[in-house]
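Subject: Structure for your files

Hello,

The sequence and the structure are below. My notes on what was found follow them.

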Amino acid sequence: MVQTLTVLGLESSCDDTAAAVVRQTKGAKAEILSSVVHGQTDLHSAFGGVVPEIAARAHAEKLDVCVVQALDAAGLSLRDMDAIAVTAGPGLIGGVMSGVMCAKGLSAATGLPLIGVNHLAGHALTPRLTDDIAFPYLMLLVSGGHCQYLIAHGPEQFTRLGGTIDDAPGEAFDKTARLLGLPQPGGPSVEVEARDGNAQRFRFPRPLLDRPGSDLSFSGLKTALMRMRDQIVAVKGGLTRQDRADLCAGFQQAIVDTLAEKTRRAIDLYLDHNPVDPVVAVAGGVAANSAIRTALESVCAQKGARFTAPPLALCTDNAAMIAYAGLERFRAGARDGLDLTARPRWPLDQHSPAMLGSGKKGAKA
């Protein structure tokens with residue numbers, strides 16, 4: 001295996017079309033040579049959420065543009081690549097298929113090896129891309145559609161310690177934003193409103209804290225917020241700006257407190273594995289929330305574990321993480337053929353039972 005690898009990555013699992021080039025010399029820290037992301041917020045804003053068909057069409061239109069821009073920004077061509085990595089799942093199937101078909105076309109035309117990447121592995125391995133941390137580490141993957149505590153033992157070896165049994169935090173933030181008439185994506189909107197709010201005015205539940213373990217549930221928070229909103233509207237005839245800010249602050253604090261306590265429990269389970277240098281990493285779109293980051297940093301300090309989180313631009317969906325995850329798989333000898341399929345479901349821990357149910361297409365998480 002060559003010592004230096006350069007990989008082109010493609011990402012199209014939800015509503016961000018992205019391409020990136022990552023290079024790593026064996027034994028050295030990886031380098032992001034370019035990272036291009038075309039968001040679709042404007043396309044979906046009128047619908048209160050991501051419309052899969054619109055997203056898939058936009059991916060098909062933008063993927064080749066992203067590839068050209070990423071190669072240009074890196075000052076390289078396809079001839080300089082060692083492999084092409086692409087998100088092969090999980091995600092909105094139309095978007096995932098768009099990326100996989102584009103990557104297959106590039107691979108067939110150039111003869112470059114094709115590497116299918118689990119989108120969740122991209123997030124979970126981002127701390128190695130940005131901070132070069134060693135295995136094993138504890139990973140909190142907290143995004144729009146997923147929330148899991150994982151011990152990362154290797155590029156494709158993960159043990160799930162706990163996760164959400166219903167809504168992920170990102171879903172709860174998005175639904176809360178819709179209930180309060182805030183723009184999407186909901187996480188940043190709720191966080192901005194919460195800064196001017198009183199988190200003590202409304203008492204939200206802290207789900208599953210009365211049960212042992214690190215499993216999470218956030219759907220009840222959305223219901224609680226809707227009831228509180230309706231009670232205010234019934235009394236006042238509407239919401240004031242302060243009412244909305246206080247609701248956001250209370251809702252966000254409930255998520256912060258829940259994640260802090262569940263993380264504390266997950267760290268205890270992780271420390272049972274006797275890691276030499278305990279590290280707790282967080283990644284995914286919700287990891288951009290400053291209140292959540294601050295709370296997790298505090299918990300890690302109390303437990304004697306080092307806390308790390310990627311830069312905000314690498315918390316949300318991007319292709320640099322896919323290129324890096326593909327690079328790790330490629331260096332380990334993995335290859336995929338042109339029969340690579342798009343997968344709407346693809347749990348990282350292949351051995352633990354599914355938390356969100358299973359169907360003909362496999363376990364959801």
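Among contacts in the chain (heavy atoms within 4.5 Å) between residues at least 6 apart in sequence, 71% join residues at least 24 apart. This is a predicted model, in which local features need pLDDT of at least 70 and side-chain atom pairs count only at pLDDT 80 or more, while totals for chains, interfaces and linings use all residues. Residues are numbered from 1 along each chain as its sequence is written, and side-chain values use heavy atoms, with hydrogens and water left out.

Overall form. The chain has 10 helices and 12 strands, taken as DSSP runs numbered from the N terminus (helices H or I, at least four residues; strands E, at least two). The C-alpha trace spans about 65 × 50 × 40 Å along its principal axes. Of the 365 residues, 54% count as buried, meaning under 20% relative accessible area with a 1.4 Å probe, protein chains only.

Helix 6. In helix 6 (residues 186–194), the buried residues are Gly 186, Ser 189, Val 190, Glu 191, Glu 193 and Ala 194. Their cover includes helix 5 (169–179), helix 8 (241–271) and helix 9 (290–303).

Thr 263. This residue is found in helix 8. Thr 263 counts as buried because its relative accessibility is 2%. Neighbours within four places in sequence aside, Thr 263 is in contact with Leu 140, Tyr 149, Leu 296 and Val 299. Met 139 lies 124 residues from Thr 263 in sequence, and their C-alpha atoms are 9.8 Å apart.

Second largest pocket. A pocket here is an open set of points on a 1 Å grid over the protein atoms alone, where a 1.4 Å probe fits, with protein on both sides within 12 Å along at least five of seven lines; lining residues have an atom within 4 Å of a point. The second largest pocket holds about 170 Å³ of space, the volume being that filled by probe spheres set on the points. Helix 10 (residues 320–331) gives the largest share of the lining, 4 residues. The lining divides into 5 nonpolar, 2 polar and 5 charged residues, with Asp, Glu, Lys and Arg counted as charged and Gly among the polar. Among the lining residues are Lys 26, Arg 128, Asp 132, Glu 328 and Arg 331.

Regards

Definitions and conventions: Buried means under 20% relative accessible area, exposed over 50%, partly exposed in between (1.4 Å probe, protein chains only).
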